[in-house]
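Okay, thanks for making time, everyone. Let me put the model up on the screen and then walk you through a few spots in it.

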Amino acid sequence: MKNTISYVNILKYVARYTLLLVASLLLVFSVVSGSEDYDGGITGLLKNSPNAIPWLVLILLIFVAWKYELLGGSLIFLCGLWFVYFFNFSGPNFWWITFFLTSLIPIMGLLFILSWYLDKRRKE
């Protein structure tokens, strides 16, 4: 029983902090990477900020999963599948690093679901 508790906690922490790291890095990259097209500076960052919307949604879903693991994990999984498709297969470009980073998102969503399941089973 004690091992189950530690596995549940490890799954939760790995999913939470991996997703927070990935989402925050991609959020910063999405805002900064195109700002030079708008002459850089604060104006460029503000004009380029709509590129950060998908990553803001992911951060919001992480906080939902923090409180409600099954709901948040399911939403992260579905959103992650959409990210994998949209950022890798909807256009002419395919990069392995983008595929790897976006594939981490549904995997971490599954970790939230698995931790919820193990915690529920442990309580029964």
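Let's begin with Asp119: if we skip its neighbours within four places in sequence, Asp119 is in contact with Val8 and Lys12, where contact means heavy atoms within 4.5 Å. Asp119 sits in helix α5, residues 96–123. Asp119 counts as buried because its relative accessibility is 12%; buried means under 20% relative accessible area, exposed over 50%, and partly exposed in between, with a 1.4 Å probe and protein chains only.

Quick housekeeping. This is a predicted model, where local features need pLDDT of at least 70 and side-chain atom pairs count only at pLDDT 80 or more, while totals for chains, interfaces and linings use all residues. Residues are numbered from 1 along each chain as its sequence is written, and side-chain values use heavy atoms, with hydrogens and water left out.

Now the overall picture. The protein chain has five helices and zero strands, so reading from the N terminus you get α-α-α-α-α; helices are DSSP runs of H or I with at least four residues, strands are runs of E with at least two, and both are numbered from the N terminus. The C-alpha trace spans about 60 × 30 × 20 Å along its principal axes. Of the 124 residues in the chain, 36% are buried. Take the contacts between residues at least 6 apart in sequence: 63% of them join residues at least 24 apart.

Next, the core. Which residues have the most contacts inside the largest nonpolar core? They are Leu19, Trp55, Leu58, Ile76 and Ile105, in a core of 23 residues. A nonpolar core here is a set of buried Ala, Val, Leu, Ile, Met, Phe, Trp, Tyr and Cys residues joined through side-chain atoms within 4.5 Å. The elements giving two or more residues to this core are α1 (2–32), α3 (53–67), α4 and α5, and α1 gives the most, with eight residues. As a general point, nonpolar side chains in soluble globular proteins tend to be buried together. Not counting residues up to four places away in sequence, Leu58 touches Ala23, Ile76, Phe83 and Ile105.

Over to helix α4, residues 69–89, which is where Glu69 is. Is Glu69 buried or exposed? Glu69 is buried, because its relative accessible area is 10%. Outside the four places either way in sequence, Glu69 touches Lys12, Ser74, Phe112, Ser115 and Trp116. The side chain of Glu69 also reaches the backbone nitrogen of Trp116 at 3.4 Å.

Thr102 is 18 residues from Val84 in sequence, with the C-alphas 5.2 Å apart in space. Beyond its neighbours within four places, Val84 is in contact with Phe89, Phe99, Thr102, Ser103 and Pro106. Compare the pair Glu69 and Ile97: 28 residues apart in sequence and 27 Å apart, C-alpha to C-alpha.

Last stop, Ser30 in helix α1. Ser30 is buried, with a relative accessible area of 8%. Setting aside neighbours within four places in sequence, Ser30 is in contact with Asn48, Asn51, Ala52 and Trp55.

Notes. A polar contact is a pair of N or O atoms within 3.5 Å; within protein, one must be able to donate a hydrogen and the other to accept it, and residues adjacent in sequence count only if both atoms are side-chain atoms.
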